[in-house]
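Here is a short note on the salt bridges in this structure. The points are meant to be read with the model in view.

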Amino acid sequence: MRQRYYHSKPPEAELAAVRREIGDELITRELLLLEAGRTGLQPDHQSIQATLEQYDQRYADSPRWQQQRTVLLASLKQKLEQDDLLKQLEHKVRNIAPPTEKQVRAYYQQYPDKFTEPMRQKLSLILLVVDPSSPGEVWQAALDKGQQMVEELRSGADFAEYARLYSGDVTAQQGGDMGYIHREMLGKAVESKIDGLQAGEISDAIRTLQGVAILRLDDRKAQRLRDYEDVRDRARQLWVREHSEKAWVAFKARLRLDTPVEVFVNTADSDNDA
């Protein structure tokens, strides 16, 4: 609850679902611990003892720790042992056989979007900075100035020089050169203006969160499916990650199917109910 909700309490409408979800997680944890025991896994006692000693040293000056030290260490030891067993079991299940070259290539062909470079555009920028809290007349003055500069630039004025003189962006000293960026990195207002430009063309003055922007499209590279040889290693990593996760999910589901589990649901409304 503390990890998911600000006040450690879910909205009333979500309470029942959250309780069921937490209950399922607790049941699965117990089944995994039983399975770890059946397979003969043993906790790393040396590592756990070292961790316990670190806790003992960290809280050595705490009166509460000294008063309840024996109980706290025993509880902590049990938790560390269980967590270690679960970690070992998960690693064992996820440690699947590596894919064949045929499987990796089939994965690449099945999911081309995972290996496609998005469209990129090389842009240059002039930004007339305006404080967001400025009144409307200030914004309008900046837009008017920006549009005047647009006309001058379209008539042959040097874009890089204007950027160095007037732009408040970090790219000013590079003549406004932003390099290649993905279209999705631009705001909606900018995207709609840039999409209609051809290489070398300059946008109208655009109001943005930072001020008034003038952009020049210098180049556009269409999205491209990368060659298999270039992304083979990534395809293999993604295949392993995906199938490792499937193996772990299927393993937990099988435990639930193979083990009789009966859940009693308390429908009372009190927050104190179990």
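1. Buried means under 20% relative accessible area, exposed over 50%, and partly exposed in between, with a 1.4 Å probe and protein chains only. Lys221 is partly exposed at 34% relative accessibility, and Asp219 is partly exposed at 26%. Their side chains form a salt bridge with an N to O distance of 4.0 Å; the term stands for a side-chain nitrogen of Lys or Arg within 4 Å of a carboxyl oxygen of Asp or Glu.

2. The model is predicted: local features need pLDDT of at least 70, side-chain atom pairs count only at pLDDT 80 or more, and totals for chains, interfaces and linings use all residues. Residues are numbered from 1 along each chain as its sequence is written, and side-chain values use heavy atoms, without hydrogens and water.

3. How many salt bridges does a search of the whole structure find? The count is 22.

4. One of them joins Asp24 and Arg256, at 3.7 Å from N to O. Asp24 belongs to helix α1 (residues 12-38) and Arg256 to helix α8 (residues 228-258), so this pair ties together parts 232 residues apart in sequence. Helices are DSSP runs (H or I, at least four residues), numbered from the N terminus. Asp24 is partly exposed at 37%, as is Arg256 at 28%.

5. Within helix α8, Arg232 and Glu229 are three residues apart, about one helical turn. Their salt bridge has an N to O distance of 2.6 Å. Arg232 has a relative accessible area of 23% and Glu229 one of 48%.

6. Arg232 and Glu229 also belong to a network of salt bridges that includes Glu101, Arg105, Asp233 and Arg236.

Technical notes: Helices (H or I, at least four residues) and strands (E, at least two) are DSSP runs, numbered from the N terminus.
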